[in-house]
Amino acid sequence: MKKFLNLLLLVAIAVFAIACSGGEESADAGNKSSEGGESAESWEPSEAIEIVAPAGAGGGYDTTARMAMQTFSEEGIIEEDMGVTNKVGGGGAVGWSYIADQAESNHHLFVTSPPFLLVPLNGQSEYNYEDFTPIANMIADYPAFAVADDSEWNDLNELFEDMKEDPSSVTVVGTSSPGSMDHIAFAYVAKAAGVDITQIKYVSAQDGEGVTQILNGSADVYSTGIAETAEQARAGNMRVLGVTADERLEGETLGQFPTVKEQGIDAELINWRGFFGPPDMDQEAVDYYVNKFEELSNSEGFASVRDQFGWGEMFMAPDEYQEYLDEQNQEFQSILDELGLGQAE
């Protein structure tokens, strides 16, 4: 009987040890999953994704956001519902403020471009690029400078020769506010051509009347994006004097636009456009979106979109994007300071 009890005790101890070992293995497996091991489930959106375009309908932000959303759906890259919301005002600042209020949300994104740096630098926004979560840059767009088809200037050199003598004799119109993209793009190129940029007469037509002002003669030069000039150039209403791309763009109309560089002016400027999220997004969500935007960039559908709008391919993941933004921020700070538009330290 004593031997039987001892045997029973040994069996019980063995069973207990096996159970404990199994529990530890189960716990280890659980820990491996939570740490992102092979068995971990990746993050996916659990509700509709809102993409904010911090400007009105029809502009570059709006078009980029809607084309990305449409292609995500058509290519089956993101199956969750997505929607674009326009937040107008402050050169983008209203939209950025809205996104800042969505801190820690994994279901809000916004599209942005160089004004995201310029507007805070000239003191018009309490938020800057370092307050948000970089996801991916997607495209390269380019500024263009156009005049009425019957203008006296046939190229940029003729224009800038007149401006060297009297910069304020030429009225430059753009849709962005002073110190933002259209103004800075023209000043950047004019400076490279030897013009005193502090004397440039720049007017803002944020109501979309830039084309009208060129056609009725109340402004001389239109500083804007390529897409905004292409239709007028096709119609024979405007002549594009130069674009800031490093080489001529492709397309029946776009290919006719001369670059700034081919006219002997050493200036190149990219109107990059990409996507950010709110502050403090979960890293798993960031990784999800980075992968999806890279897939979007590589898709045939988005390649067609780029061709349609004359955009260049310019995908950058967060680390590279952050470094690029740091460099751009310093360059813009320098030119804003020269124009007397930089925010005082």
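Me: Which backbone oxygen does the side chain of T63 reach?
Reply: The side chain of T63 reaches the backbone oxygen of G59 at 2.8 Å. This is a predicted model, in which local features need pLDDT of at least 70, side-chain atom pairs count only at pLDDT 80 or more, and totals for chains, interfaces and linings use all residues. Residues are numbered from 1 along each chain as its sequence is written, and side-chain values use heavy atoms, with hydrogens and water left out.

Me: Where is T63 placed, and is T63 buried or exposed?
Reply: T63 is in helix 2 (residues 60–74); helices are DSSP runs of H or I with at least four residues, strands are runs of E with at least two, and both are numbered from the N terminus. T63 counts as buried because its relative accessibility is 16%. Buried means under 20% relative accessible area, exposed over 50%, and partly exposed in between (1.4 Å probe, protein chains only).

Me: What is T63 in contact with, leaving aside neighbours within four places in sequence?
Reply: T63 is in contact with G58, F309 and W311, where contact means heavy atoms within 4.5 Å.

Me: W311 again: which residues are closest to the centre of the second largest pocket?
Reply: The second largest pocket has a volume of about 320 Å³. Of its 16 lining residues, R248, L249, E250, W311 and G312 are the closest to the centre. Helix 10 (300–309) and strand 11 (312–316) are the elements that give two or more residues to this lining. A pocket is an open set of points on a 1 Å grid over the protein atoms alone, where a 1.4 Å probe fits, with protein on both sides within 12 Å along at least five of seven lines; lining residues have an atom within 4 Å of a point. The volume is the space filled by probe spheres set on the points.

Me: Changing topic, which residues touch the most other members of the largest nonpolar core?
Reply: In that core of 74 residues, they are F132, L159, F160, F186 and V221. A nonpolar core is a set of buried Ala, Val, Leu, Ile, Met, Phe, Trp, Tyr and Cys residues joined through side-chain atoms within 4.5 Å. Another core, of 32 residues, lies apart from it and includes M67, I77, M82 and V286.

Me: And where does Q322 lie?
Reply: Q322 lies in helix 11 (residues 318–339) and counts as partly exposed because its relative accessibility is 24%. Not counting residues up to four places away in sequence, Q322 touches Y129 and P134. The C-alpha atoms of Q322 and N137 are separated by 9.9 Å, although these residues are 185 apart along the chain.

Definitions and conventions. A polar contact is a pair of N or O atoms within 3.5 Å; within protein, one must be able to donate a hydrogen and the other to accept it, and residues adjacent in sequence count only if both atoms are side-chain atoms.
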